[in-house]
Amino acid sequence: MRYWIFVTKPENYEICVKEGVWGVDERYLGILKLLKPGEDRFIFYVTSWKEFRDIYEISSKLFYDEKPLWPNQIYPWRIKIKRIFQGKVSIDKVFDKLLFITNRKKGKGGWSDHFQFSIISIRDEDFILIRDAMKARVL
């Protein structure tokens with residue numbers, strides 16, 4: 001099993017949840033090609049809420065679709081996603097223990113730079129930490 005964080009804005013998160021789909025542009029096509037149904041799970045990080053949200057599994061192979069879903073851009077490279085746990089936790093609750101955040105400074109050039117990418121690979125320990133924190137605060 002491999003674990004990921006998918007980074008998005010609140011409005012795009014809502015669309016992903018409603019439509020059951022995640023999409024990216026060409027920059028992330030290489031990573032999306034690696035994701036396999038039943039083998040990869042992810043947690044959303046919603047930027048302006050500063051929250052981790054839900055656990056999902058990949059439920060389809062990669063496909064191409066130019067149907068507009070998101071307001072800011074067409075993300076044509078897509079995968080279907082299936083929520084397997086609904087929960088949320090503020091990054092503040094787990095920040096000090098996250099291994100993938102290596103620069104803990106605040107402000108420009110600090111920890112938030114880790115979330116400049118749409119897809120982040122994380123270690124099992126980080127996934128378990130976030131999952132357990134969300135389970136302690138179930139919606």
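Which residue forms a salt bridge with R41? The partner is E57, and the closest N and O atoms of the pair are 3.8 Å apart. A salt bridge here is a side-chain nitrogen of Lys or Arg within 4 Å of a carboxyl oxygen of Asp or Glu. R41 lies in strand β3 and E57 in strand β4, so the pair ties together parts that are 16 residues apart in sequence. Strands (E, at least two residues) and helices (H or I, at least four) are DSSP runs, numbered from the N terminus.

This is a predicted model: local features need pLDDT of at least 70, side-chain atom pairs count only at pLDDT 80 or more, and totals for chains, interfaces and linings use all residues. Residues are numbered from 1 along each chain as its sequence is written, and side-chain values use heavy atoms, with hydrogens and water left out.

The structure holds eight salt bridges. Another joins E51 and R53, at 2.9 Å between the closest N and O atoms. E51 is buried, at 15% relative accessible area. R53 is buried too, at 13%. Buried means under 20% relative accessible area, exposed over 50%, and partly exposed in between (1.4 Å probe, protein chains only).

Now to the helices. In α1 (residues 10–19), the buried residues are P10, N12, Y13, I15 and C16. Their cover includes β1 (2–8), β3 (40–46) and β4 (51–58). G20 follows α1, with a positive phi near 65°.

R131 lies in helix α4 (residues 124–135). Leaving aside neighbours within four places in sequence, R131 is in contact (heavy atoms within 4.5 Å) with I43 and I55. R131 counts as partly exposed, at 24% relative accessibility.
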